[in-house]
Amino acid sequence: MRVKTISGNNFLKNILLSLSVVLLLQQNVWAQSAEKVELAGIVQTADGETLPGVNLVLNPGNKGVTTDINGEFTFQNISSGTYKLQVSCIGFQSLNREVQVKDEKSPALQLVLVPENYMINDVVVSGKSATRRVIEQAYQVSSVSTKELFNSTSDAKSVLDRIPGVRIQEEGGLGSDLSFTLNGFSGDQVKFFMDGIPMDNAGSMTLGDLPVNMIERIDVYKGVVPVWLGTDALGGAVNIITNRTNNYLDASYAYGSFNTHRASLNGAYTNEETGFTFRGNLFYNYSDNHYKVWARIVENNTVVDTAWVRRFHDRYRSGSLKLETGLVDKSFADQLLLGFMLSANDKQVQHGATMNTVYGGIVRNSQSVMPTLRYNKKDLLTEGLDVSLYSALNRSRSEVIDTLQGVRYNWLGEQSIIYTSNGERSTDGEFYRTFTTLDETDFNTQLNAGYALSTRSSLALNYSLNYFHRKAHDTEHPDEPANRFPKDLTKQVLGLAYKFDLNNKWSTTLFGKMYHIHAATSKLFDFAMETQRVEAVDNKQFNFGYGLATSYFVMPELQLKFSYEHTARMPMPEEIFGDGLFVEANPDLGPEQSDNINLGAAFSTQKLGNHHLSVGSSLIYREAKDLIYTVVTVSSPQTRYDNLSDTRVLGVEGNLQYAWKDVFHAGANVTYQDITDRAKLIYNESYTGSGWQTNYHYGFRLPNKPYLFANFNAGATAKNVLVDGSTLNVNYFVNFVEKYFLTWTELGAGSDKYIIPRQVSHDIELSYSLQNGKYNIAAECRNLFNEKLYDKYYLQKPGRSFSIKLRYTI
């Protein structure tokens, strides 16, 4: 954010100066023929990474500005003529350039700074990338640049799974449902954003669909979430920053095992003279997912064998088109963009929440159309006031189809006919005979305003509104009582933050948030009684949050961080309304609250000579009330969400990264998190008796959540291999997860505890680039040693797989 500066402190002097200016203007009004114009541009590194916080001075006039978070700057109200522009930033060589300013708007400047290392009192100072600057915020945050992964078949999901404190649990291969866990919190307790915009209404897109080529970096906030993201996250947030380069083209295609195809086309065009810009992202994913699994073979409800079998009903395909066009760098708007997003997917369903039941006919699909509006302006009406607005309306339709009647499958793909007690063929579906259509409307708008009170303090205000409406219809059960009631949810979040920098070493942010939710749905009353009925229910709830985040640089290489937050999260539509198939509705679901404490330290040598070493660690303590968690029954394909009255998270994570020149790098991170049920008593409400009862889960870890996991990576780069302008890269990754339990650990004995075993997987990538990255080819092998890997609810993931990727970029 640009800060507001005030020159002079003598009131009378300012008055006399103003009168003099007025007189001069009156005397020379007819001589003023040159119209005041703007000079704008962007400051980047040679690698194309934008540089915020760069100082620019224009002479004559000694007028100065600072680049914003996107590395952009604007000199306003200057006359035509020749100027000398001075550009400076700590850690980079200063740049002096002569610029011509014409009567009409001058073309945007593109300035490139070269890193420079130098000594100050035996301390090496060097240039900091945007990723480094994000990490050095007062918040506990991890930031990963994806530039080195552009030639891989990685997606947003696989990049995130290598970040400390993050664990992604999948149900299978490409397109499968997944659960994101961050420092013990999972699912919708962690919120997702794209360029600061909520992904709650991103249509049919998922983390596994987003190709790495459209992503510049990913920021993971752990614990305290900045007010400007405008959300009710309980334990953190993920912000995916897309490529915002003005002019580029990136096209890629990958083919891999299990008949997997992944294609993406990303690009942008900007006319520097008119400010017209056009941006687009197009990607397509397909996989048969016919990998082998170790499964039980059932005949006539009896297990007759256990064998390696191939999945036969798990095809997935998805496609998305994202377009934005409008104007940039105008006097009335830094950005005014209209967008359009079209996405669709369809998925064959192989099994439910566990692998005990096999399906051969159930399918799910969805399509969505979403227009968007994006606006932002710095120094709106007055210097120091920055405003941004984003709005999106998502209209989507999804179908759940289970219309095979009287048929059951086993893992060999064999059908068996199901008969009723009177010898007739059953009319039941595989799970629940249905052809349900869900028509959903999701509107989201978010307003941010920031004002610089001085060079060291600022205010930030955020307001976000989300409205969700669902209408369901089942052609197989047209009189379903619950479908007669629309399902509506309105959520509002208001946040205010004050940031104060005591000096260049110490920064603190104080904030408060207000949350409101209003849900309208239906509920079944008096189950299995003569008075059984479905009635409309209404649920309104308010909650408040507050906290602080502070950081202090003990020395330029060592930063300490502390954050505390009392926060709340309102239930999401799927948690309250269900998903129409495997997730049951729970209209009584309440909000969850948490007190989060994070303490962290980070040390970085900032490229001392040819070596670069960074070390970081953080401690996590969280007390959560009414935690929303997934209830799993091993014998049932269905799950539901419920509140857990009292939960505690104790955790520690650490990471280490080393690099030698641009030739070799290696790193590792490890996470330990102890998530336990702390409620001694629970309230049981049933038809046989209600009241407080002993909680037999007290003190035990929550089921189906990994508590110890780690990642290791190493890579090497060689330049000018075989031909000039070429680059050869090799990368190696290891993922480790300690064994954990599917169910509560006090239940059962021995193998009956459903232990998910210890897992170690290895991935290797090899890429070769020509003409300085214009032409690229890459090969990968995932799960190199073909280990049996399990995840969510003991669901088996793919074995060893290979892929090759071709990429072209300009």
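Arg217 and Asp219 are both buried, and their side chains meet in a salt bridge with an N to O distance of 3.1 Å. The model is predicted. Its protein chain has 810 residues, 50% of them buried, and holds 4 helices and 48 strands.

**Salt bridges**
- The whole structure contains 17 salt bridges.
- Glu216 joins Arg217 and Asp219 in a network of salt bridges.
- Arg317 pairs with Asp346 in a salt bridge, with 2.5 Å between the closest N and O atoms.
- Arg317 belongs to strand β23 (residues 316-328) and Asp346 to strand β24 (residues 335-348), so this pair ties together parts 29 residues apart in sequence.
- Arg317 is partly exposed at 36% relative accessibility, whereas Asp346 is buried at 16% relative accessible area.
- A salt bridge also connects Arg470 and Glu440, whose closest N and O atoms are 2.8 Å apart.
- Arg470 lies in strand β30 (residues 457-474) and Glu440 in strand β29 (residues 434-452), 30 residues apart.
- Arg470 is buried at 7% relative accessible area, and Glu440 is buried at 15%.

**An open sheet**
- Strands β4, β1 and β7 form an open sheet in the order β4-β1-β7, with mixed pairing.
- β4 (72-78) and β7 (109-113) are the edge strands; each has a single partner, so one side of each lacks a neighbour in the sheet.
- Neighbouring strands of this sheet are turned by 25 degrees against each other on average, direction ignored.
- β1 (residues 37-45) and β7 run parallel and are joined by 5 bridges; Gly41 stands opposite Leu109 in β7.

**Whole chain**
- Of the contacts with a separation of 6 or more, 65% involve residues 24 or more positions apart.
- The accessible surface is about 37,700 Å², with 57% belonging to carbon and sulfur atoms.

Notes. Residues numbered from 1 in each chain as written. Predicted model: local features only at pLDDT ≥ 70, side-chain atom pairs only at ≥ 80, totals over all residues. Heavy atoms only, no water. Pairing = 2+ DSSP bridges. Helix = DSSP H or I, 4+ residues; strand = E, 2+ residues; numbered from the N terminus. Axes fitted to C-alpha atoms, helices over the stretch in contact; angles between N-to-C directions. Buried < 20%, exposed > 50% of the residue type's maximum accessible area, 1.4 Å probe, protein only. Contact = heavy atoms within 4.5 Å. Areas by Shrake-Rupley, 256 points an atom, 1.4 Å probe, with all protein chains shown as cover. Salt bridge = Lys/Arg side-chain N within 4 Å of Asp/Glu carboxyl O.
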